[in-house]
Amino acid sequence: MEKREPKRRADAERSRTLILEAAVRLLSERPGAGMSTIAKEAGVTRQTVYAHFASRDELLTATVDHITGQAKAAFDAAHLDDGPATDALLRLLDIGWRFFRKSPILHHVGAFAGPSDRSRAVPLNTRLLTLIRRGQQAGEFEPAASPQWLVTAIIALGNAAGDEVRTDRMTVPEAQQVLRHSVLRLVSSQPASDAERR
């Protein structure tokens, strides 16, 4: 019995991961996908899905948490505390687009949760806030702007770029480039040229 229990736990964890990854794939393309469809995509029974998640809402919440956890791990691997703050900020934005490609329906533009998932964005917002302050102290970013305002503005720009992709007004590469340019203009400590002011 003692040997069976760890195997059962491992099997249960494996099926839970399969379900979450299937949900990520499906919800990116079919936001209304139901439990049966997700079960089929995961290669498990509908009963197995309900054994892990009592409702579709619970599954959606777990899916958002799953993606957010992966984003946090990617941020850790990006070493955002190293090198120039400008380079670190661009790495952070690129990570966000990597996760947006993976699951745009979850609003992970710039790896930030959308308005309905704001509580899940807090750790990521805190990381961005730390990065902005570091850039200001180093003289790379506009020192007079409130760091929290810059964070809020960057998130708003990221969500706007994501909306452009979701509505097919921009491709991902186009939106990614525009977001990079807009964010760098926003945080830059360099004064705008006369042409830019006009």
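What share of the contacts in the protein with a separation of 6 or more comes from residues 24 or more positions apart? Hi everyone, let's start there. The answer is 62%. Before I go on, please keep in mind that this is a predicted model.

Now the overall layout. We have nine helices here and zero strands. If you walk along from the N terminus, the elements read α-α-α-α-α-α-α-α-α.

On to burial and surface. The protein has 198 residues, and 38% of them are buried.

Next, the annotation. For residues 34-53, UniProt gives the feature "DNA-binding region", and the entry is an unreviewed one. In the model, that span is 75% helix and 0% strand. Its end C-alpha atoms sit 12 Å apart.

You'll find His66 in helix H4, which covers residues 56-78. Is His66 buried or exposed? Its relative accessibility is 18%, so His66 counts as buried, the cut-off being under 20%. And which residues does His66 touch, once we set aside those up to four places away in sequence? They are Leu20, Glu21 and Val24.

So, to recap for anyone with the structure open: look for the nine helices, then the annotated span at residues 34-53, and then His66 in helix H4 with its contacts to Leu20, Glu21 and Val24.

Conventions
Residues are numbered from 1 along each chain as its sequence is written. This is a predicted model: local features need pLDDT of at least 70, side-chain atom pairs count only at pLDDT 80 or more; totals for chains, interfaces and linings use all residues. Side-chain values use heavy atoms; hydrogens and water are left out. Helices (H or I, at least four residues) and strands (E, at least two) are DSSP runs, numbered from the N terminus. Buried means under 20% relative accessible area, exposed over 50%, partly exposed in between (1.4 Å probe, protein chains only). Contact means heavy atoms within 4.5 Å. UniProt positions are given in the numbering used here, feature names are shortened, and annotations may be inferred rather than shown by experiment.
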